[in-house]
Structures are given as C-alpha cells and as structure tokens.
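Biologist: I would like a close look at one part, the interface. Please take me through it step by step.

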Amino acid sequence: MWSGYYTAASGMVSTLTQLDVVTNNLANMTTPGFKKDVAHFQTANYRTEPETPGEENLFRRILNSQSTLAGTKTDFSSGPMVSTGRNLDLAIQGEGFFVVRTPQGDRYTRQGALQINEKGELVSASGAQLLDKNNAPVTIPGNTVHFTENGDVFSDGVYVTALKVVKFDKPEGLSKEGTGLYTAAQGTKETILETPQVRSGTLEKSNVSIEEAMGDLIRIQRTFEFQERVMTTLLNDVARKTTEEVGRPT
Amino acid sequence: MLRCLYSAATGMQAQAMNVDVISHNLANVNTTGFKKSRAEFEDLLYQTVREPGAKSTINTDVPSGIQIGLGARPVSVNKIYTQGNFKETGGSLDLVIEGDGFFQVTMPDGTVAYTRAGSFSKDSTGRVVTSDGYPMEPPLTIPADATSVTIGTDGTTTVTSPGSTAVTEIGTIQLAKFINPSGLKSIGKNLFTQTSASGDAVLGTPGLEGFGTISQGFVEISNVDIVEELIEMIVAQRAYETNSRSVRTADEMLNRAINLGR
C-alpha cells in the first residue's frame, strides 16, 4: 500500500517509545543520583527511486523511510548537590562511581545514601556492600564514621580504608540495571581515581529538569498528533478517494 | 506500549509517599526530641532492548544500547539525627544531649527503648520517668525529701536534703549510641528500638568516647526545619503533577491511536 502509511506508523511507534523514556525520567525526578536517559532515533530502510538512465535527477526521491529507535543515551551530567546533614550521605563531585558488590557481581553507582548493616559494613540503600580500593567490603570497626574529601574512611579517628571510586573512558558502555546500579559492558575500561572528590553529608539529586521534561512531553504529544494527522489523511482522503472515485464512470 | 502509564504511576506513588513523610515531619515540628525522616527513592528495572557494546557488524560495536526504564520506587526512609534546637525550660528533669547519644528507658515489657526526648518527670515513687511513665534505665530514684536535683554534664545526679548542705550522689545517667542510628526503628512516643540494621547499643558516660554531654534545664526541640520541609513539599507536589501530566499525555496519545482514521 502507500509507503507513507508505514512511515507514519513507524513514527508513531517511535514517539510512544520516546514518551516511555521521558516518563521514566519524570518518575525518577527525586531519585538521588539518577541520570536521565535521552532516546535518539534514526531513519532506516531507504528505498530510492531508480534513476532513469540518461537523465540526471536533481532530487532523488526517497520513499518508505522509517523511523527506528537508535539508542538510549544516559546523560551523566551532575545533578544538584544538596546538603542533608547525615554523615552517611555521600556524593561524588564531578566524575566517578562508587563500586558496590551485589550477589550478581560488582556494580557501579552514584547513589550515596549509605547505611551500616548488622555486620558493621557500609552498604548502599538497597544493601549492596561498598568496596574499598582493595576490592574488599568496608567494615567500620568503631562507633563513629567519618569520610574525608578524598574518600578516606575514618572510624573513631582511626584510618580504616579508602573508598574505591572509578571513572570510565567510555561511560556510554555503562548500562542501567535499576536500583541506581550500572553494569559495564565488556571492553569498557575503568580507572581508579586516586583523589576522588567525595562530599559527606551531601546527596546528589536527580539530574532530571522539570522544565525540559515538560517541554519534551508537549513536543512528544504534538509530534504524535501530527503523525496521526498524516495517517488519517492517508487513510481517509487518499485511500478512500482512490478506491471510491478513481475509475468511477462519470 | 503502555510502559509509560505504569512508569508514571510508580512516580506518583513515590511522590505520594514523599508527601506522607514530609507531612509527618511537619506534624512533629514541635515534638520534643523528634528527628525528621527523609524518603529515599531508586529507579526500578530497565527493559534492555539492545545491550550497549553489542556487535553491529563483526568489526563495529553499538556505542549505546536501548534501555527503557520502568519508573521509581521508595527504598528507605532515613532518620536524620542532626541536633535540634534547645529550649530553656528551667525544669530540673528536663535534659538535653549535646552531641551523640540516646537516653535509655525501660518499656512496660522489660525491653529497653531509646529516646532523645529528655523531658523527664518523677512518678509517685520518685523514679525518673518519661512523659509516658516509662522509667529511665539505669533506674534513678529521687528521694522524697530532696530539695533540689542537680545533673552534671557527665550525667552524675546529686540531690540535697533539707537541713543539710552536703550533696548526695544518687546515680549516673548512662547514654546509648548506635553505629547506624538510621537503622533504629521508631515505635512512636519519641521512642526508638534497636534493630539488626542499627547494630547493638554501645553504652557510655556522657562526655566521654564521643558521647554528647547533658545539660539540665533544657529540652531539645524537633530538628524539623519548616522552610526545608515546605520546599521539599513543593518539589514533591510538582513532581506528582508532572507525572500525572505524563499519564494524561499518554492517554491522549493512545486515544488518538485508537481513533485512527475516524
């Protein structure tokens, strides 16, 4: 049938996916350390009209191109830092990720609302052990805990260990696993930061901006309506006119 | 296709809970020894349509994958144990802890609970009890004929008796401390109980080993900051509205899709 029909349909599907991504960003507007995702699209499957031999077409006719989701990219820009007054709230200023150990393996996170579990280990809000530079869980021996700006851990005034904070050459190789955790794709190189900038008593808020997200919502909705209009025109006007009127004896 | 509706719903639920926590804080803005809470959220699972780093041809990788998140959920409600302001009352059994530590009280079932609310009184037998009548642990009994009670910064409690200039020591207040006070469980009445997350109570003398000191004649008022809470409330309300706007957008788009060609 009309190739424009499929083009418009693929556009509508893409637009709905875009809404999924923006909605997830909005749902995580108050999730500490959350990084927003951006969906980007590509055109695919061009079909070009064959050129007539001997004639040079000024414009090549492109037909039946489709819009498909090319990828979602995480925007790793920093969120606002907010002081909380709780010394187990850690934020990383600038680049870097904490490393936590989950039953599924080591994961990366920027979410620093820590707890101390019953074994005296530093754990993330969901209970994954935080790792130090020797890849071991951090156990607090004393009754108090204090962090320096470079991620050194002190307990009762005695040095315990240094937190492991890593950065990646290609952060786009990180994929989200939920609960604030990231996994690194194979071949993504991590570098341990020697002097990370860790702020105790501070949480990094989500980097979702409400203005941008509302703008996205409106744009998505209007785009969808426009695509729907194209489709309706094709279905109602072009298709009906062709079937009902072309060839009708006059 | 309807992912966005469910994601927006999780966002709205999270914000509703956020408002619950903020309202509880605001309701306790004048509660002695109250410590504010903060709801903590995390992102839910991601639907991975394509892994980042997957091969697009034998020689090239996909630089970024396709991942669609499914919303947010609350993960914890943390107590924030910052010091509240002090209010002078002049009461001889109104005590504040300047710094870390909790008073210990014995519950009716014999277990020990912990509190920062130091507005104690005497019961009929002279025992020092909380406003709900739970006695302080270790027990402290003030003799019926005592004319004045003095509690030192290290918790040493002395009384004077009529017709005597000498002071008599009747006991010492002991404080408890936890490595992870956020893990304590609130049981209402300004009381907390220990859990496996908070760790065991570490007992000590006020003023020593990182414990706070005691001041007599003051109470510690709530550490809720109204301005901060109201700002959090605005953020939560706007976040809720934006999520409901997502629902509406999704609904209108789906409506158009359903009515295609009409």
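Modeller: A salt bridge here is a side-chain nitrogen of Lys or Arg within 4 Å of a carboxyl oxygen of Asp or Glu. The structure holds 24 of them over all chains. This is a predicted model, where local features need pLDDT of at least 70 and side-chain atom pairs count only at pLDDT 80 or more, while totals for chains, interfaces and linings use all residues. Residues are numbered from 1 along each chain as its sequence is written, chains are lettered from A and ligands numbered from 1 in written order, and side-chain values use heavy atoms, without hydrogens and water.

Now the interface. Chain A brings 66 residues to the contact and chain B brings 63 (contact means heavy atoms within 4.5 Å). About 5,200 Å² is buried between the two chains (accessible area, 1.4 Å probe, lost on being put together and summed over both parts). Carbon and sulfur atoms give 57% of that area.

Three salt bridges cross between chain A and chain B. One pair is A:Asp20 with B:Arg3, whose closest N and O atoms are 2.8 Å apart. A:Asp20 sits in helix H1 of chain A, and B:Arg3 in helix H1 (residues 3-27) of chain B. Helices (H or I, at least four residues) and strands (E, at least two) are DSSP runs, numbered from the N terminus.

Which elements give two or more residues to the side of chain A that touches chain B? They are helix H1 (3-27), H2, and strands S1 (37-44), S4 (66-74), S9 (115-116) and S16 (174-178). H2(A) gives the most, with 13 residues. By class, this side has 27 nonpolar, 27 polar and twelve charged residues (Ala, Val, Leu, Ile, Met, Phe, Trp, Tyr, Cys and Pro count as nonpolar, Asp, Glu, Lys and Arg as charged, and the others, Gly among them, as polar).

Look at H2(A) again. Helix H2 (residues 210-245) of chain A meets helix H2 (residues 226-258) of chain B: their axes come within 10 Å and cross at roughly 5°. Axes are lines fitted to C-alpha atoms, for helices over the stretch in contact, and angles run from 0 to 180 degrees between N-to-C directions. So H2(A) is roughly parallel to H2(B) (angles under 35 degrees; over 145 is roughly antiparallel, 65 to 115 roughly perpendicular, the rest oblique). On the H2(A) side, the meeting residues include A:Ile210, A:Met214, A:Phe224 and A:Glu228. On the H2(B) side, they include B:Arg238, B:Thr249, B:Met253 and B:Ala257. The residues of this helix contact divide into eight nonpolar, four polar and six charged.
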